[in-house]
Amino acid sequence: MDLLTNETEEIIAHQTMIIQLKNRIDEILKNYRPVMNGEIYLSGEDVGKLLHISKRTLQQYRDDKILPYIQIGGKIIYRESDILTVLEHNYKSNNTHHI
């Protein structure tokens, strides 16, 4: 009886470990961004979250040629470096120095 209990406990421990590993892998994949030629590409959802804008606003930025994008078939992706460039070019400082 003891042998059966030990085997059952080991199986349960292994199953628990497998579930924990699966959850960790799912977490990593959820935040994974593919890199091609050193460039990170983002989905529209990623860009919306990053800039705190809606899908409609993101569409308007594309229409107004504010944000560059790549369209492959029906999928639209954005280069992270392009987003950073747009943000840097549109940065306006609130620092005013009076002389």
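**Order of elements.** I read the elements of this predicted model from the N terminus and noted the order α-β-β-α-α-β-β-α. The count is therefore four helices and four strands, as helices and strands are taken as DSSP runs.

**Whole protein.** I looked up burial and found that 15% of the 99 residues are buried. The exposed surface comes to about 8600 Å², and carbon and sulfur atoms supply 57% of it. I then turned to contacts between residues at least 6 apart in sequence, of which 43% join residues at least 24 apart.

**Strand S2 and its partners.** Strand S2 covers residues 39-43. I recorded that S2 pairs with strand S1, residues 35-36, in the antiparallel sense over two bridges. S1 and S2 form a hairpin, with two residues between them. In the turn, Asn-37 has a positive phi of about 55 degrees. S2 is also joined to strand S4, residues 75-79, by three bridges, and these two strands run antiparallel. Across this second pairing, I found Tyr-41 opposite Arg-79 in S4.

**Glu-39.** Met-36 stands opposite Glu-39. Is Glu-39 buried or exposed? I noted that Glu-39 is buried.

Notes:
Residues are numbered from 1 along each chain as its sequence is written. This is a predicted model: local features need pLDDT of at least 70, side-chain atom pairs count only at pLDDT 80 or more; totals for chains, interfaces and linings use all residues. Side-chain values use heavy atoms; hydrogens and water are left out. Buried means under 20% relative accessible area, exposed over 50%, partly exposed in between (1.4 Å probe, protein chains only). Contact means heavy atoms within 4.5 Å. Accessible areas come from the Shrake-Rupley method with a 1.4 Å probe; for residues, only the protein chains shown count as cover. Lys and Arg count as positive and Asp and Glu as negative; His and the chain ends are not counted. A salt bridge is a side-chain nitrogen of Lys or Arg within 4 Å of a carboxyl oxygen of Asp or Glu. Two strands pair if DSSP finds at least two bridges between them.
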